[in-house]
Amino acid sequence: TSAPLATIASLSAHEGRTVTLRGWLYNLRASGKLLFPIFRDGTGTIQGIVPKAAVSEEVFNTLKELTLESSLTVTGKVRADSRAPSGYELDVESIEVLQRVPEDTPFPISLKEHGVDFLMEHRHLWLRTPRQSAILRVRATIMRAAAEYFDTNSFIRTDPPILTPNACEGTSELFEMDYFDDDKAYLTQSGQLYIEATALALGKVYSFGPTFRAEKSKTRRHLTEFWMIEPEVAFLELDGLLNLAEAFITHIVTRVLESHRADLKVIGKDIAKLEAVIAPDSPEAPRNEALILSAAKDPEDAEPGTAVQNLSGATAQTSAGTPNRFPRLSYDEAHAMLEKAFAEGKLEAPHKYGDDFGSPDETYISSQFSKPVMIHRYPAAFKAFYMQPDPLDPTKALCVDVLAPEGYGEIIGGSQRIHDYDLLKSRIEQHDLPLAAFQWYLDLRKYGSVPHAGFGMGIERAVAWICGLDHVRETIPFARTLNRIYP
Ligand code: 4AD
Ligand code: MG
């Protein structure tokens, strides 16, 4: 036919005209002399209407017997219909089947409920269903917005190696491989150490790529292969790092809300919860004044306009240009909050001072706020070797974990880095890390060392939170976990 090719997402430009779509048969319902096929083409779905009297017998019979997920081209007239989810329906005129799914091996994913193992075993096909497709579209926007934030704020993208001679985040979760002759290599856990080097060369840098951790526990939050985006900035200190994280997250959520309201609806996310994250600060907005005040008195929270803050260039603003602050709590303040909650019977187990927060602790803290919570200054004892100690209390590290709202837990981890040669060397030794493999990293403290800071955000954690997913396995096209590497 001579009808123009169109995509389902662009049908509004073709209303009243005959177009050809290329895609797949997503669903088919028959009612007497009427067929209601639903077509999908990757950009969306549209219902067709096929009255027996309106098409040739051949077209009617072909469609009537067509198996789900058969590939096809369909030509029809685009008709606006306010009841249709997409706003349009297609009056089918003709159809051409490209490949018919055999009758005896029907498409395995039906509209009925399937178990998770079955779905993961068929992930290559599960991806075609509307909810999974919507998640991947939102993921793509989150990745684009994340990179865009740094690209448009003068950060230089410098991607680190994937094969490395050393550990960044502890040695227990390393994937090890032979690297010719007698050498060992490890899959990178984080690009941080390398972008510290590029930050001292270029000022403001970021990396974005796959990272790997041999996580031996099964949780809803851990993958063995995940994507991390990491900024690193010379002369940036902890307070500026918190501002940067705030501005970065605000930008990502703003972009998702700009173009994915329909997708979020398909996924089942409460959009109001995301709107609250980027709502401008206002006196009426519910927030914990005591915590905001304590953060403002914080000595690291320097007055605005210092050289350090200007270098980060970050202040979180909503699209309307109004300021957007996330609550900031020190580890001690967060602990006090948990103690109080336990005393009031709102938490099942007490939090032990000095320990990391468990999932129920993080869930409780984040449920107290509608915006992400930034917890800073954790005990250095259970944090990474490279974190700068707090000058006011060296048992604490100048670090931050950003907890997503709604109990999604940590999405960002970051810190100011140790910039003193001797201190860093002693930390490497205390952590039993091989000095030789870290000599290049120590060099950075020998040749013009400066305070610097950065963070990493796991894309899948961000997708899980923004889409409201129970488990990270749905946040990435093909999840890699402890017990799955197929398909
Ligand atoms: O907190 P982490 O371990 O921090 C680092 O790797 C730093 N070197 C980053 C930096 O400062 N440049 O990991 C950072 C983030 C976490 O907050 C989380 O979002 C994600 O990476 N992440 C994981 N995501 C999925 N599966 C896992 N197993 C993850 N481990 C960490
Ligand atoms: Mg962390």
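How many helices and strands does the secondary structure of the protein chain come to? In this predicted model, the count is 15 helices and 18 strands. The C-alpha atoms of the chain fill a box of roughly 85 × 65 × 45 Å along the principal axes. Of its 487 residues, 39% count as buried. Among the contacts with a separation of 6 or more, 68% are between residues 24 or more positions apart.

**Helices α4 and α6**

Helix α4 covers residues 130-151 and helix α6 covers residues 238-259; their axes come within 9 Å and cross at roughly 140°. Angles over 145 degrees would count as roughly antiparallel, and 65 to 115 as roughly perpendicular; α4 and α6 are therefore oblique to each other. The crossing of α4 past α6 is right-handed. On the α4 side, the contact is made by V138, T141, I142, A145, A146 and Y149. On the α6 side, F248, H251, I252, R255, V256 and S259 take part.

| Group | Nonpolar | Polar | Charged |
|---|---|---|---|
| Contact of α4 with α6 | 8 residues | 3 residues | 1 residue |

Conventions:
Residues are numbered from 1 along each chain as its sequence is written. Chains are lettered from A and ligands numbered from 1 in the order in which they are written. This is a predicted model: local features need pLDDT of at least 70, side-chain atom pairs count only at pLDDT 80 or more; totals for chains, interfaces and linings use all residues. Axes are lines fitted to C-alpha atoms, for helices over the stretch in contact, and angles run from 0 to 180 degrees between N-to-C directions. Helices (H or I, at least four residues) and strands (E, at least two) are DSSP runs, numbered from the N terminus. Angles under 35 degrees count as roughly parallel, over 145 as roughly antiparallel, 65 to 115 as roughly perpendicular and the rest as oblique. A crossing is left-handed if the near helix is turned anticlockwise from the far one by less than a right angle, and right-handed if clockwise. Two residues are in contact if their C-beta atoms, placed from the backbone, lie within 7 Å. Ala, Val, Leu, Ile, Met, Phe, Trp, Tyr, Cys and Pro count as nonpolar, Asp, Glu, Lys and Arg as charged, and the others, Gly among them, as polar. A residue is buried if 20 or more other C-beta atoms lie within 10 Å of its own, exposed if 12 or fewer, and partly exposed in between; C-beta atoms are placed from the backbone.
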